[in-house]
Every structure is written in C-alpha cells, then in structure tokens.
Amino acid sequence: MTKRQGARPERAALVGLIAGRARRLDAERSLEELAGLAEAAGATVVLRVLQERPKPDSSTFLGSGKIVTLAASCAETEADVVIFDDELTPAQLRHIEAAVERKVIDRTQLILDIFARRARTREGKLQVELAQLKYLLPRLVGAGVALSRLGGGIGTRGPGETKLETDRRRIRTRIHAVSEDIEQVRQRRAQLRERRHKASVPTVALVGYTNAGKTTLFNALARADAEASDALFVTLDPLVRQVRLPDNRELLVSDTVGFIDRLPHALVAAFRATLEEVADADLVLHVIDAAAPDRDRRDRAVHQVLEEVGANDVPILEVYNKCDAITADERRRLQDQDPAALCISALQREGVGELIDTLASRLALDIRRITLTFDPDEPADRERIARVYRHGRVLEHETRDGRISLVADVPRRLVSRLESR
Ligand SMILES: Nc1nc2c(ncn2[C@@H]2O[C@H](COP(=O)(O)OP(=O)(O)OP(=O)(O)O)[C@@H](O)[C@H]2O)c(=O)[nH]1
Ligand SMILES: [Mg+2]
C-alpha cells in the first residue's frame, strides 16, 4: 500500500513539560529542537505550549484542566496534530487523543517518522520499520481507536513511502520477518568488519549529535562527497572510507547516524547492526558543535547513546567543530575548559590536518614491542611478516636456520593476531 502525503503541510501544536528539577532553559531548547524535528517531518508549527508541573500526569500528561485548555488552543489554531516532547504511554496517548480530538504523537514517533523519510538503503529501511512496528504494537491495545483514526501524515508513514501496518496480527508477522532480515544484514556487516580486522586497518567512527557536522568532516577527511545538509538526521546508513595518514599508513573512517536527546530506545535497538560499527571501532571521534547553545545537554545525550550501544569502553577523541562560527573569546573559553580540545572547522577545512596528525598518534600510541619467529616456507607466516612490515616498525630482522625472527613495535590490538597461529 502506498500513500502520498497531500500538498498541505500538517499544522502542528507542540507540547513540552518543565518537570521537576529540569531547567526551564533546557525545556525551551528541547521544544525548539522538537520544532526542528516537526519541520523535518514536513509539518508547520502553529502553537507551542510549555507546561510546568512536578511530573507528568499518568493519565493526561498535562493534567485534566490543562488538557481542556490545550484542546481549545488547538481548535483555535486549527492544529491537525499535537506533538508531545516526551514519550507518552499507550494510556496517555489514548486519553489525550480523546480529549483534544485530533491526532496525537510523541517525540519518539516523530523521530521515527523522520528516520522513515530519510531511509534509503534496504538496511536502513528495515531497521526503521522494525523500530516503528515495535513502537506501535503496544499502542494498538484494545480497539486501537486512536490509531485507526489516523488518516495519514506523521506517525503513519513507513519507510520508502509505504503506509505502516496497523493490524496487530500482521504487525507481529512483519516484526518477525523484518528481524530475520536484519539479522542477516548484521551478520554480513560482522563478516565485513572481520575482513577489515584481518587486514589490520584501524577504524575511527565519527559520532555526535545530529547536525554537528560529522558528514562534512567525513568528507574533509576522506575527500568524499557524502550528503551533508543543515537538516536533522541526514545520514542514516554507515559509510566507510579509507584515509591515508601522513606516514602512509591507512585508516578507515566511518560516518553514521546522528544522535539526539532521548533517541528512541526502540531505534537504538533496531539500529544495532549499524551501531556495531561504532562499538567495534578502535577510536571514537566525537564531533561536537561548538556553536550550539546547549552543548552540555547534547553531550550527555551522545554519551548516553554510546553507553547504550556498548561503545563506552572505546577510546574517545573529542573535536569541537564549527569553530569558524564562534567568537575568539568563546574559542578561548573552550580551550581553557578543555586544554586538549581540538578546534576545527570541517566546512572551511581548518584544523583538519592537525586532527589527522592527532588521529595518527592516538592510534599509534598504544604500541608494544614484540619478538616473533616465522617459518618463511609457510604462506600464513609470510602473510604475517608482511603484516608486521605494513603496520609496525621493524627494529631487527634476522634469518637463522631457515627461520626469520623479527623485533618490531606494533599496535597492541594487533599483537594477538600476529602471534596466533
Ligand atoms: N559554520 C560551519 N558549519 C558547518 C561546519 N561543519 C558542518 N557545518 C554545517 O552544519 C550542517 C550539518 O552538517 P552535516 O555534516 O550534515 O552534519 P551531520 O552531523 O552529518 O548531521 P546528520 O547526518 O544529519 O546527523 C551543514 O549545514 C553543514 O554545512 C563548520 O565547520 N562550520
Ligand atoms: Mg550526516
């Protein structure tokens, strides 16, 4: 089933909560970000509501009085859809929808919708669809009144202009089929990574908040031309390219999906195949938008996702990007805060050479001196010798009794592979 959106953009009312100790400023920025997300999903924002209360109401999120006010404002502004800045429980979703008498979606569903719009490859589409279906299933409990009313638009679109399945039994079947397909993709990726490991090329994974400039930096490093744009979640599928270091060694750099505050858990889980690239890297390069007003909130979000994908024990290098867009004073403050910080401009290719040098030394730092003996008649041993020469620094080479013995400095992560036979 394919259904195209009509030409008229959906009119969206945004609702956020200033809850508990959360600062008003954070809530405001979060709502600002939600507006950006709504626009990325093709909506026009016609109303913003920020409500202060200690914690969300378990039934209506805002409380029954405020919900009535919200319904009136929505009618007045002719909003088609109400978007909540937090994930709603299935019960909240039902109650709110009944009260405001129009489509209600939450931050999670909105992000999933954007991912669905952006997904290009089979892998990306499968992963997004899985996350969407897993989100939907518990929300179709009962008669599924709420969702059956959804005509179209945000929250009803699957990847690639498909309409999402809303029949529970068919959703279950579909979840099963999609999961199996993803598992195959995951295995294929794992094989590719294994092959790269065998080739002993170190990998660097670019991570960061969406729109931080990862793809721009990726292009600068790899002299590639992947799509970078001032929109959220432009990149979904991992790209891997070779980068040659000044000392002629090679490394692989991967660009992947951007992170965001409260990245839906279902999405992280579904993107496991993609995000394993990060967990498996030798170094994570965290690209930070130096010009973003809420760096701390973004920073927390990135670290949370890294932890969720099991990448928190990969060494990390932080880079402040967009330093062309901040004042000299701000730059100095940054450097005071974090003396090791690298300030670059991926867009203007400033500091990229220095970054490459840093990458080279960070990847080379972890070196061990080893002595190995090889049998040059063995093809596997000849391959190992070649590998030592390619990736290490050979200090001694001695041939005795038909055997070759090498003393070399090699990256620690390669030691086990060179010694194993
Ligand atoms: N001023 C300035 N803008 C930059 C810089 N680097 C990237 N940008 C801009 O920031 C926007 C986002 O860049 P991308 O490279 O697409 O960001 P990304 O992190 O890959 O974003 P997603 O893939 O959407 O998560 C684009 O408009 C870039 O031109 C920089 O160094 N300075
Ligand atoms: Mg990108």
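Where does Glu78 lie? Glu78 sits in the loop between α2 (64-77) and β3 (81-84), and we'll come back to it below.

## Before you start

This is a predicted model, in which local features need pLDDT of at least 70 and side-chain atom pairs count only at pLDDT 80 or more, while totals for chains, interfaces and linings use all residues. Residues are numbered from 1 along each chain as its sequence is written, chains are lettered from A and ligands numbered from 1 in the order in which they are written, and side-chain values use heavy atoms, with hydrogens and water left out.

## The whole chain

The protein chain has 15 helices and 13 strands. Both kinds of element are DSSP runs numbered from the N terminus: helices are H or I with at least four residues, and strands are E with at least two. Along its principal axes, the C-alpha trace spans about 90 × 55 × 40 Å.

Of the 421 residues in the chain, 51% are buried. Here, buried means under 20% relative accessible area, exposed means over 50%, and partly exposed is in between (1.4 Å probe, protein chains only). The accessible surface comes to about 20,300 Å², and 47% of that belongs to carbon and sulfur atoms. Such areas come from the Shrake-Rupley method with a 1.4 Å probe; for residues, only the protein chains shown count as cover.

Now for contacts, meaning heavy atoms within 4.5 Å. Among those between residues at least 6 apart in sequence, 71% join residues at least 24 apart.

## Two nonpolar cores

In soluble globular proteins, nonpolar side chains tend to be buried together. A nonpolar core is a set of buried Ala, Val, Leu, Ile, Met, Phe, Trp, Tyr and Cys residues joined through side-chain atoms within 4.5 Å. The largest one in this chain has 59 residues, and Ile83 and Leu110 touch the most other members. Helix α5 (residues 122-136) supplies the largest share of this core, seven residues. Apart from it lies another core, this one of 28 residues, including Leu217, Ala226, Val352 and Leu363.

Not counting residues up to four places away in sequence, Ile83 touches several residues, among them Ala12, Val15, Leu34, Ile105, Leu110 and Ile154.

## Around ligand 1

Ligand 1 is surrounded by 22 residues, of which the closest are Lys214, Thr215, Thr216, Val234 and Asp324. To count, a residue needs one of its heavy atoms within 4 Å of the ligand. Helix α8 (residues 214-222) gives the most to this shell, with three residues. By class, the shell has eight nonpolar, 10 polar and four charged residues. In this sorting, Ala, Val, Leu, Ile, Met, Phe, Trp, Tyr, Cys and Pro count as nonpolar, Asp, Glu, Lys and Arg as charged, and the others, Gly among them, as polar.

An N or O atom in the side chain of Thr210 is 2.9 Å from an oxygen atom of ligand 1. A polar backbone atom of Asn211 is 3.0 Å from an oxygen atom of the ligand, and for a backbone N or O atom of Gly213 the distance to a ligand oxygen is 2.9 Å. On its own, ligand 1 has 660 Å² of accessible area, and the protein covers 89% of that.

Most residues other than glycine have a negative phi, and most peptide bonds are trans. Glu78, though not a glycine, has a positive phi of about 55°. Glu78 is exposed, with a relative accessible area of 53%.

Glu101 is another residue to check: its phi is near 55°, again a positive value in a residue other than glycine. Glu101 lies in the loop between α3 (90-100) and β4 (103-106), and is exposed at 63% relative accessible area.

Gln127 is found in helix α5. Is Gln127 buried or exposed? Gln127 counts as buried because its relative accessible area is 0%. Leaving aside neighbours within four places in sequence, Gln127 is in contact with Ile182, Ala270, Phe271, Arg272, Ala273 and Thr274.

Val415, in helix α15 (residues 412-419), is buried too, with a relative accessible area of 4%. Beyond four places in sequence, Val415 touches Arg368, Ile370 and Val410. Val46 lies in strand β2 (residues 43-53) and counts as partly exposed, at 24% relative accessibility.

How values were computed: Polar contact = N/O pair within 3.5 Å; in protein donor to acceptor, adjacent residues only side chain to side chain.
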